Structures are given as structure tokens and as C-alpha cells.
Amino acid sequence: MALTFESFLGSVGLSGTEAQSLTGAYVGKSSSPLALACQVAQLCLGQDNVHTAPLNQTLVDENWSQVVISEPYCILQPSNTNDVSNAVKIISYFQVKFAVRSGGHSPNPGFSSIGQGGVLLDLQKLDQIVLSSDKSVASLGPGGRWGDVISTLDAQGATVIGGRIPDVGVGGLILGGGFSHYSGEFGLAADNVKNFEIVLADGTVTAANAALNSDLFWALKGGGPNFGIVTRFDLNTVPVGQIWYQVTVYSVDQAHEVLDAFVEWQNNGASDVKSTVALIMGLQSITVGLIYSEPTEQPSAFAPFYSLTALAVAVPGTIGTNGSLTILLGMSASSTIERHDYRAASSRIDSQLYKDVYAFWRERALVVHGTTGANQTFCIQPVPANLAEEGIAKGGNPMGIPTENHQWWTTLIDWTNASDDEAVRQVSIDTTNQWKALGEERKLWLPHLFMNDASRDQNPIGAYGDDNVAKLKEIALKYDKNRVFQTLQNGGFLLSEVN
Ligand SMILES: Cc1cc2nc3c(=O)[nH]c(=O)nc-3n(C[C@H](O)[C@H](O)[C@H](O)COP(=O)(O)OP(=O)(O)OC[C@H]3O[C@@H](n4cnc5c(N)ncnc54)[C@H](O)[C@@H]3O)c2cc1C
């Protein structure tokens, strides 16, 4: 039975004179549901946690890409789980559109931003980082950033599978899977979650883990924003202490040599799952990061790279920690250009396929660079079979990741002018089409799409496989029978859009 307005106000902790004034506004229909939702939220969450017009522009602008920035009707900044619960009850009751933002690093419009037609739930005040006394579990708030998480844990001699770049948010990265340098050895970030604390569509706060709500636990490991708002991730720490890394820069003329070395390592060296390679092919140069999860100098797994002649050694072989590596990557990741995008494709390992798609991409990316100034990268992320096997061993996930050695291609794209949006995006769209066309022709294509690299028009959940999609839909309906998260949520990889 639907709640009366008075009992709804009681359910979010309001009564007395506050409730009476709101009842007058609601019953007299003098306010829109959106205005009332923001007004009720102000009374529940406090004035400091609910921002209405004129909004603080810095708060509005916090998304990573200018492409997605939009000014919501109001911004709710819950400061604890109870605030999130009340916010969700308010959204459900007034049936208002909403978006959820943790770190705001999705470049997909409307995923973690919304315009005047809705409210933005900004989770940045939920940024706790607490390591258990035995250092086995790190409890993280969704609104934290990976740089703070990794450095805080590093100082205590612990680490987790998480983001590689400091500014990226905790919430979105884990819910989309979460690929780290150590994923080949330990699985994705989501695979290493011990427990989720989640607020469901009716405002209920619950846990999801192997023993409680185990179906929801499975679904949350890569199922995106379809089930509720996660307010805490309890992540098992991983036994990575001191590590070895080296960063070398090559000329673009060496692209084929570098790709050959990469493929040789993928086929042979990568069986040592402590080794991983970050390969970033830019328009002006190629950067190769060799990372080994133990303090071994010049690990033999990387032998194919040692015979290449580098243009420059950006970071000589170094014994460090995940914390020092993350700081280093943060310095190299800063970009002053404000419009961004990324995109995903997967394939089996094949040197000729890599070279052919690279040549196709480079020709187009150079032309568009000439006309728009856009910088684009061509990144091949190595995915050993062990990554998927770790996920299965840790209870399974819905992502349907192939249990074979393969790669997840992605691109980071930076540009300046809105008038160039389409021309710039077209390069990556054409490139993913080319991965598919050549890959299918050569029996090297894999339909899997990594959600955290997928662009707005791609369908990563659809690529998880029919059985996983059917199961995800069933679980979503069980925990959110009115499909609040699939229909009122402004954007995101929503199950309601997957056939
Ligand atoms: C520079 C850069 C580096 C990156 N590096 C990596 C990497 O190393 N590994 C990797 O896997 N990915 C990486 N990514 C991709 C990144 O994981 C995704 O963009 C992710 O969505 C960002 O998380 P966020 O919290 O910042 O995102 P947001 O934009 O805040 O959210 C993204 C989506 O998740 C939803 N969401 C966020 N928090 C919650 C929550 N608590 N409950 C429910 N739904 C929620 C949002 O509604 C939205 O749909 C990188 C991206 C960039 C731009």
C-alpha cells in the first residue's frame, strides 16, 4: 500500500511543524515534486548537505569530463548511510529523476550528472578508509579517490586491488569491475570485495556477502548501478608489499617492435602472473611500464622488452610500493585539456591484428589531431586467463570474462572544443568497428566489453552473456521491485536498456 504523505515524512524522521508546512505545500500542490523532494531532503539531511540554486559551480563541475557537466535542480551530499537511505526514500516517494556521483570519472553524459530535471546524489563525503586491525580488510567509502586509498593503506603496509590513477573514484570503479596492475594475479577489484553495504530502493540498508544476500553479492561484482547505492566496500587486502617497476619510452617508429615484444610477453612471460605491462601508444611516443608484484630486479618474465632500444628511460628499474607507483602514474596522467572520452574492445592475442588496428587508428587519430588538437591513446591491457579464474575461485561474478589469455583495448581521448565532439569520437568508434571486423574475419574477436572502459553507446552488460543477463534482471527485480534504479536513474549501464 502506498505511504500517506504524513507517514512518508515520518519514515524519513520528520514530524511536527516541519511536516505540517510541507504537507500544506504538497496537498495544495503549490510545489513541484522535484522542488518538494529537495525541500524535504534539506530538512532530513540538513542545509549543509543539500545545495539548491544558485549552486556552487565548483561542486557542479566536479566531473572529470566537461562533456558531462550539467547543472542539477539540487545536489544532495549525504554524510552517512542514514542520509543515503533517506535520500533514496525521498527519490522513490516523489519519483524524481536522479544521478549518483562517486568520483565523477565516467565520461559518459548523464551517468554521474543530471540537468534541471533531477537531483544529483554526490557521495564525496562518504570517503572513509579504515583498515582492520589484522590488516586483512579495508573498508572504503564510495566517494573516496584511489590516490588517497592507496597512500593511506600504503602507510600501514597494506594494499588492495583498486584504481591505478589517483583521481578516479572508488564507487564507480569497483561497481564496473575494477582492473588493476595486480588483476592478473588476484582478479578484479570486485572479485576481492568481501562485503558490500548497500541502500536498496525502499531505503533499506543491508549487507551483501557470501553468506547474506549472496545473489546480490554476485550481481554487484560488475553489474553496475542497477541494484542500489553502495555505501561501503569491504575489500580483502592482497599480499603485495614491495614491487619492481620501470617505465620506458619508445619512438612511434618502433611500434611494431614494441607490439611484437608485448605479444611475446603475453604468450610466454605473462604466465608469471606477478608480471604485467602497461602499454600506452600515443601519437608522439609509446610508453611501456613493466610492473612486477615482488621486489625482483629485472624480472626474466619481461625478457622480450630488454632487447629493445629505448628513446628514453622515464623511470629506471625501481623497487617501490603500490603507493609510490600510484603517485608516479598520477603525475603522468594530469591533463589540462577538459573534454574526454574512452571506449572498449576485446580480442585474442595476435601481433598482426594489433598492428593492423593500430595502423588504422593512428592514421585517423593523426588527421583528427591536425584538425582539432585532440590527443588519443591506443592502449592494450593484458588479461591473462588467471584473471577470470581468480574471479571464479572467489565466488564468481556476472561479467562472463573469457578464461583465456586475451586483451582489453581502450583509448583515452582529450580535446578542447564542443564543436569537435563528433569528429573526435568517430576515431574511436571506427577503431572499435575495425577491431570487430578484422577480429571476426581472423577468428580473434571477443565480444566481452569491459564496463569501466565502455562508452555511452556500447553495451557491456549485454556482452556478459544471455544467462548472466537473465540472472541479473531477476536479482534486480527481487531487490528493487519498482525498478527505481533502472527507470528513475538518469544514466548508467542500466539493465532496462539491455534486451
Ligand atoms: C584517467 C582514468 C583512469 C582510469 N583507470 C582505471 C583503472 O585503472 N581501472 C579501472 O577499472 N577503471 C579505470 N577507469 C575507469 C573508471 O573506473 C570508471 O570511469 C568509473 O566509472 C569511475 O568511477 P567514479 O566513481 O569516478 O565514477 P562516477 O562517474 O562517479 O560513476 C560512474 C558510474 O557508477 C555509478 N556509481 C558510482 N558510485 C556508485 C555507488 N556508490 N553506488 C551505485 N552506483 C554508483 C554512477 O552512478 C555512474 O553510473 C579510469 C578512468 C579514467 C578517466
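How much space lies in the largest cavity? About 130 Å³. Keep in mind that this is a predicted model. Some notes from going through it follow.

1. Cavities first. The count comes to three cavities of 30 Å³ or more. Around the largest cavity there are 19 lining residues, and Trp265, Ser275, Thr276, Pro382 and Pro384 are the ones nearest its centre. Helix 8 (183-186), helix 10 (255-267), strand 11 (275-281) and strand 16 (378-383) are the elements that give two or more residues to that lining.

2. In domain terms, domain 2 (129-239 + 463-490) and domain 3 (242-461) each put at least three residues into the lining of the largest cavity.

3. Now the second largest pocket. Its volume is about 430 Å³. It is lined by 17 residues, with Ser92, Ala201, Asp202, Lys481 and Asn482 closest to the centre. Split by class, the lining of this pocket has eight nonpolar, four polar and five charged residues.

4. Helix 5 gives the largest share, three residues.

5. The axes of helix 3 (residues 33-45) and helix 5 come within 10 Å and cross at roughly 160°. Angles over 145 degrees count as roughly antiparallel, so helix 3 and helix 5 are roughly antiparallel to each other. The crossing of helix 3 past helix 5 is right-handed.

6. Helix 6 (residues 146-154) and helix 12 (residues 322-333) have axes that come within 8 Å and cross at roughly 150°. By the cut-off of 145 degrees, helix 6 and helix 12 are therefore roughly antiparallel to each other too. Is the crossing left-handed or right-handed? Helix 6 passes helix 12 in a left-handed crossing.

Technical notes. Residues are numbered from 1 along each chain as its sequence is written. This is a predicted model: local features need pLDDT of at least 70, side-chain atom pairs count only at pLDDT 80 or more; totals for chains, interfaces and linings use all residues. Side-chain values use heavy atoms; hydrogens and water are left out. On a 1 Å grid over the protein atoms alone, a cavity is a set of points where a 1.4 Å probe fits but cannot get out, and a pocket is an open set with protein on both sides within 12 Å along at least five of seven lines; lining residues have an atom within 4 Å of a point. Grid points are joined across faces, edges and corners, and a volume is the space filled by probe spheres set on the points. Helices (H or I, at least four residues) and strands (E, at least two) are DSSP runs, numbered from the N terminus. Ala, Val, Leu, Ile, Met, Phe, Trp, Tyr, Cys and Pro count as nonpolar, Asp, Glu, Lys and Arg as charged, and the others, Gly among them, as polar. Domain bounds come from an automatic or database domain assignment. Axes are lines fitted to C-alpha atoms, for helices over the stretch in contact, and angles run from 0 to 180 degrees between N-to-C directions. Angles under 35 degrees count as roughly parallel, over 145 as roughly antiparallel, 65 to 115 as roughly perpendicular and the rest as oblique. A crossing is left-handed if the near helix is turned anticlockwise from the far one by less than a right angle, and right-handed if clockwise.
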